[in-house]
Amino acid sequence: MNKYWQLPQDLLLGTATASLQIEGGDRNNNWYRFCEEGRIKDGTHCIIAADHWNRVEEDIALMKEMHQDTYRMSLEWSRIEQEAGVFNEEALEHYHDELSKLVAAGIRPCVTLHHFSHPLWLENAGGWIDQRVVASFVRYTAKVIQVFGGLVSDWVTINEPSVYLYEGYIEVNAPPAKSNIVSYMKGARNMIAAHIEAYKTIHQIRQSMGYTDTRVGVANHIRVFDPISTDIRDRMASGILDHVFHRIFLEGMIKGNFLFPIGLGGYPYGQGTFCDFLGINYYSRDRVAFTWNPANAFGKLTVEQGAPTSEMGWEIYPEGLYLVCARLYAKYPMPIFITENGICDATDEKRSQFLIDHLKQVIRLREEGISVERYYHWSLIDNFEWAEGLSRRFGLIHVDYETLQRTIRPSGRLYAQICKDRLVPGEAEFVSK
Ligand code: NOJ
C-alpha cells in the first residue's frame, strides 16, 4: 500500500531551463566563445544543445503532456541585442511566439533576463565587472518588457549572481575565467545595482501598460553551509562563505543594503523592497573547512562522509530545502518561488526519489505556514551543463544528442502524474491509485 501526501492546490508546479543550455544556434555570446576555446570538460559544445530553438512546439507539447502549470525559461540577450543598442526583430518575434504558445497552452511563463550568458559586445567591454553594465542591462530590460510585458507578469532579473561570479572569477570554470576576488566584489555590486534598476523599470513599464500583477525577483543559489567541525576556524570560514555567497546578494537585491565589502552598509539606490518573491535555487549542502590555501579563498568545500550523492558528487540532502526556505523566510517574509531544484542522474535511478523527498519538504514548509508558491524542477530536458558539457544530464526528458529525439524518463512520468493528481507518493516506484 502506498501512502500519498497532498500538495496544496495553489502551489504551481513546473520545470526550468535556460536559453543557452537548450536552444543552440547562437554564436554571439560568452559561452559560445568559451566552448570554441576548448574549455568544456567533456569536449562537447553548446552550439546545438537540445535544439530547442527549432523545437519549441514539440517541447511545449511535452510540457502539456506532463501537466505543467508553469515554465521558467530565459531569454538570450545576445540574440535580442546583437550589437549594443541594436535590437533584433526576428529574435523578439521568435520569443513572442514562444511565450504566446505557452500562454495558449495554459502554462504560465516565468522569464529570466540573464542566465549566465550574454552578448560578446558586453563581455568585451568588461561584462559585469564594468559599471556600464548597469545601464546596458536596464536598456535591454526596458525593451524586453515593452515587447513581452503583455504576455508575462513574472520576471527573474538575474539567475544565481553568486554562482556566475564564483565560477567566472574564483573557480575559473566559466567565462571570463580570470581569478580575482576584487572582480567578484565589483561584479556583485553591479549585479545588485542592475537588479534594483531593472526591478523599478519592469514595474514602471508594466504599470504604464495597466497591469497590477507584476512580480519580480532573483533566482538565488542557496546552499546549506555547515562547518566541518566545531573548530572556531571552520565555523568562521563557513560564516564568511555564507556572507559573501548568500548575504551580500540577498540584502542587496531584496533591501538595497550594500553590505561590507561591497559597501559599508548603506542604501545607494534608496531604501525599499526590491523583490516581490524570494527565488531559491536549491541543490545541496557543503561541509566547509578553513584553509590557508589562497586557491580556496572562500574556504574548502567537502561532502559529508558517507552521504548519498548525485553524479556531480553533490550531497543529496532534501532536509536542506526545508532549512534554507525556513531560515530565509524568517528574515524575508515574502512568497517563495523554488526557482530550481534537481539532480544530475543520467541513469534516472535516483531522480524519482529525489523529487518525492524534496516535494515532501515543500509540503512540510506549507504546513508550517511558509508560503512556498512555486516549485520548478531543474530541468525539463537534458541540456548543456556549462563547463561540464552535455554529458551531465538533469532532464526529466532524455535527449538523444545524435537524433535530438526526446523521451520522457520514468521520473518525468512520475512528475507528470504528481502535477496532475497533486499527490506525492511515499516511494519512488509510482503505483497508480
Ligand atoms: C543552476 C543553474 O542555474 C543551471 O543553469 C544549472 O544547469 C543547474 N544549477 C545545475 O547545475
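Modeller: Let us begin with C325, which counts as buried because its relative accessibility is 0%. Please keep in mind throughout that this is a predicted model.

Biologist: Is C344 buried or exposed, and how many disulfides does the count come to?

Modeller: C344 has a relative accessible area of 1%, so this residue is buried. Its sulfur lies 17 Å from the closest cysteine sulfur, in C35, and is therefore too far away for a bond. By the 2.5 Å rule, the number of disulfides comes to zero.

Biologist: Turning to the ligand, which pocket does it sit in, and how many residues of its shell are charged?

Modeller: The ligand sits in the largest pocket, where the residues surrounding it include H115, E160, Y283, W314, E340 and E385. Sorted by class, this shell has five nonpolar and four polar residues, while the charged ones number three.

Biologist: Which side chain has an N or O atom 2.9 Å from an oxygen atom of the ligand, and what share of the ligand's area does the protein bury?

Modeller: Oxygen atoms of the ligand lie 2.8 Å from a polar side-chain atom of Q21 and 2.8 Å from a side-chain N or O atom of N159. At 2.9 Å, the side chain is that of W386. Of the 290 Å² that the ligand exposes when taken alone, the protein buries 96%.

Notes: Residues numbered from 1 in each chain as written. Predicted model: local features only at pLDDT ≥ 70, side-chain atom pairs only at ≥ 80, totals over all residues. Heavy atoms only, no water. Near = heavy atom within 4 Å. Polar contact = N/O pair within 3.5 Å; in protein donor to acceptor, adjacent residues only side chain to side chain. Areas by Shrake-Rupley, 256 points an atom, 1.4 Å probe, with all protein chains shown as cover. 1 Å grid on protein atoms, 1.4 Å probe; cavity = no way out; pocket = protein on both sides within 12 Å on 5 of 7 lines; lining within 4 Å. Sits in = over half its atoms within 2 Å of the grid points. Nonpolar A, V, L, I, M, F, W, Y, C, P; charged D, E, K, R; others polar. Buried < 20%, exposed > 50% of the residue type's maximum accessible area, 1.4 Å probe, protein only.
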